[in-house]
Amino acid sequence: MLDFFAIFSKGGIVLWCFQGAGVAESFAAPVNVLIRSVILQERSGNNSFNHNSLTLKYKLDNEFELVFVVGFQKILMLTYVDKLIDDIQLHFRDRYKNELEQKGAIKYLVNDFEFGDDFDQLLREAEESSRLKDPVVMRTFTQSLKSQKTVKSMIETKGGDKGKEQGGKKNKNAKKEEEVAGAAQSKSPPTSKKVVVNGNQDLTKEELIQRNREEMFRKMAKSGTATRSPKPQKEKEKEKEEKKKAAKAKRVWDNCGTNLKELDYSDKVNGSQDAGLAREHAEPEMHLESMAGDLRDVDYESSEPEDEEEEEEEEEEVERVVVTEASKTGAKRGGLGGMFGMFKGLVGSKSLTQEDMEPVLDKMRDHLIAKNVAADIASRLCDSVAKKLEGKVMGTFTTVASTVKQALQDSLVQILQPKRRVDILRDVMEARSQRKPFVITFCGVNGVGKSTNLAKISYWLIENGFSVLIAACDTFRAGAVEQLRTHQRRLSMLHPSDQHGGRPSVQLFEKGYGKDAAGIAMEAIAYARNQVFDVVLVDTAGRMQDNAPLMTALAKLIAVNTPDLVLFVGEALVGNEAVDQLVKFNQALADHSMSDRPRLIDGIVLTKFDTIDDKVGAAISMTYITGQPIVFVGTGQTYNDLRSLNARAVVSALMKA
Amino acid sequence: MDETVSLDLAVEDFSSEHDIKTLIEEMNYQDPAFLIGIFVSLAVVIITIVLLKYFLGSKTTRNAVLLVGLCDAGKTLLFSRLLLGRFKRTQTSIAENSAIYKAKNERGSSWTLVDLPGHESLRPQYVEKFKASARALVFVVDSALFQKEVRDVAEFLYSLLTDSVVAKNAPSLVVACNKQDIRMTKSAKLIQQQLEKELNTLRVTRSATLTSQDGSVGGAVYLGKKGRDFEFSQLPMKVEFMECSARGHQGDEGDADIEALEKYLAKL
């Protein structure tokens, strides 16, 4: 049934693998995709992954640095796989404990891990255990409750309520009867409950006792022959009932819900997104220096507040969530816990369990949310870090809190590192050598700073000796074309054409208002190719991600013109909305593209970075959701305020208490 | 009032005199033992600092050879071949592999061979961790896909070469052009020429910001000589290009063609 099973070390050496019969292709490619898209992007909270037609389930063993991966066809929906992986992991560890405890990577190369027989045996056991569950047999009519009722009892009368009131014990008995009757279908209990209530009212006490006795006899007679499941099921349901009643009694409606498990009444459904807003801040130095060459990194140290006017268009209103930040001291105290407990925690090697990490992870999650990381992303990140650390053996003199913090910091840096090379200047040079213009498209919602940052980027490109054509494809907003024309005039003044070999350094291509944006973009690119411009910057109108016709128009513009770079402009002030915006934009671009490899968002421009202090979480949310790097960071409203992302500075700002 | 004040003053003077006297007496009393104690403890501290610096000094820490390169270049397989000569199936590494390697020369010297992950999100932190202890760098290049990846390879090589720690230590660099067993692969010479051209361009695009950066990770190193085209011979470290094939020409069971690399490593 399985396509393959592989055990390999975190360093990449395959210790043992099994390839199912009849499977032609090697498993290396799907496993590599799994590693790159899930484990390395910190999405390992959910341990299954779909790739083409395969489902891959995996498990990390953090003590011995191993990864266990199993792959099977997606349509099969095998149920025993989770248990199989756990069994195999325990078995493998026990069997090869000695070899795996040696130091150095040489242990993976020297030892031959002959696991085939054990694997076959475990697989057989798992398959058999999944077949053992008997199919549920329907009750016959004589077994059901309906056959015992008199016609009179089935007539609903007003006295039914009284019957309910009488009923604590009677209801319980009635419920017991239903459960005893076997695998209950969901519809029958409520109706039969009502009927039985009425029945109770009409029957006398002796008849009721008689009926109960009959039920019990029948139950005992049945239990000799049929399945054992009703009894444990009944017990389980009784327990659930009691627990439910007990839990109901315990529910206190004040603000003391510190234990998240108590408050979690959902069935492990993805948590809701609360609205959160916080502001991020980082200040550059404002001086008129040249912007030639690569962009400087975002400065983190500076801290001068600045009055800034709000951008014109409306901004979405999100309510502020006041969260008391968990301080570092709190986390440390949690790790100590008593005089001798402190020593026990510090010295000696113990492996991390879920319970150890939970309080620390909760605090880290709240901390991240307070720093404007989207709530959904923060919880997924914490789950992934928990998976990465589970079972890891801590060294001496390290507390749980410090290990978790370090792991979280590493994973944040990993997320912010670009997955591909980000070097716009080099790519523009490449396009110039091929005698075609390099096209960059800016898209985003209203009022994030597309036009402003477009002007900044064109300033930077002109400083580096490229000629720029600005295509005004925002044909909707009043004054959009004039705004770009003003920018173009100012940039031409700053870089007169005689310095650029007699050619204008920047030019505006516009066709007025009300026209089709995709058509204007196409004409602009053709014009640039004829006039040998190096870069075309396409400015589009801001649009909400829910506005279907506008999203279609944007998707059409991108699909038709196939720009070299599609940049999503997002402001750093956004909170949980960032997730929604990016997901819907990507979805729209994928849906409306005709080809099978649609152009999605290639990079992110993070704007208004100077308005947030250290609440830099929006950077994390955006890169996590798309997996694309942050290409530019806008840190102000003048031409010089353009930086590149410094991952370490952002993460240290994020982890600061 | 004055009397009382003067009286107080007198009392105070007297008491302070008394205090000073007792202090001097005490100091004299404690002088030898106290002062000797101070001197001894200071000496111990200084000696421990000196010893620590000596033991953790740069002499013994630079004994690692790093296998670096892009993702899928073949570093982990090369690692396995160099250590044991065996073929092992590999996946994308998410952690480093390190082991002691005994060089095949008369001296029998041994150092640590470290295989770093090549994936873009892991690369910077692992390079950061291991660059100070590098005695030599083996930069593994996928010769078959080189034409497509030339800019990525050049950028990684550029960031390595301009790193301040690497530029200071100047570990010897060998560029191993791997996957020579595939049919249409570039030769080492061609790869060298193309890398020189790319690095020349990168030097120009990146060099203008060197004045504005404040010595952060990007480094303030200018590769090669100004005014002349970049060549690997201009670098302060020894650079060599060689071809190798970790998989080997006889399929999975045969030996790898890594003799040149082994000879080079033996000379270290």
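**Exercise 1. Determine how many salt bridges the rule finds across the interface of chain A and chain B.**

Solution. A salt bridge requires a side-chain nitrogen of Lys or Arg within 4 Å of a carboxyl oxygen of Asp or Glu. Under this rule, five salt bridges cross the interface of chain A and chain B. In one salt bridge, the side chains of Arg421(A) and Asp152(B) meet at 2.7 Å, N to O.

The model is predicted: local features need pLDDT of at least 70, side-chain atom pairs count only at pLDDT 80 or more, and totals for chains, interfaces and linings use all residues. Residues are numbered from 1 along each chain as its sequence is written, chains are lettered from A and ligands numbered from 1 in the order in which they are written, and side-chain values use heavy atoms, with hydrogens and water left out.

**Exercise 2. State which residues of chain A lose the most area to chain B, and which element gives the largest share of that side.**

Solution. Begin with contact, meaning heavy atoms within 4.5 Å: 45 residues of chain A are in contact with 37 residues of chain B. Next, take the buried area, the accessible area (1.4 Å probe) that two parts lose on being put together, summed over both. Chain A and chain B bury about 3700 Å² between them, of which 56% is on carbon and sulfur atoms. On the side of chain A, Leu109(A), Arg421(A) and Arg426(A) lose the most area to chain B, together 17% of what that side buries.

Then turn to the elements, where helices (H or I, at least four residues) and strands (E, at least two) are DSSP runs, numbered from the N terminus. Those giving two or more residues to this side include strand 2 (14–19), helix 1 (28–39) and helix 18 (424–433) of chain A. The largest share, six residues, comes from helix 1 of chain A.

**Exercise 3. Classify the aromatic pair of Phe5(A) and Trp16(A), and locate its two residues.**

Solution. Rings of Phe, Tyr and Trp (its six-membered ring) pair if their centres lie within 6.5 Å; planes under 30 degrees apart count as stacked, over 60 as edge-to-face and the rest as tilted. The structure holds 12 such pairs over all chains. For Phe5(A) and Trp16(A), the centres are 6.3 Å apart and the planes stand at 55°, so the pair is tilted. Phe5(A) lies in strand 1 (residues 4–9) of chain A and Trp16(A) in strand 2 of chain A, so the pair ties together parts 11 residues apart in sequence. Both Phe5(A) and Trp16(A) are buried, that is, under 20% relative accessible area (1.4 Å probe, protein chains only).

Definitions and conventions
Buried < 20%, exposed > 50% of the residue type's maximum accessible area, 1.4 Å probe, protein only.
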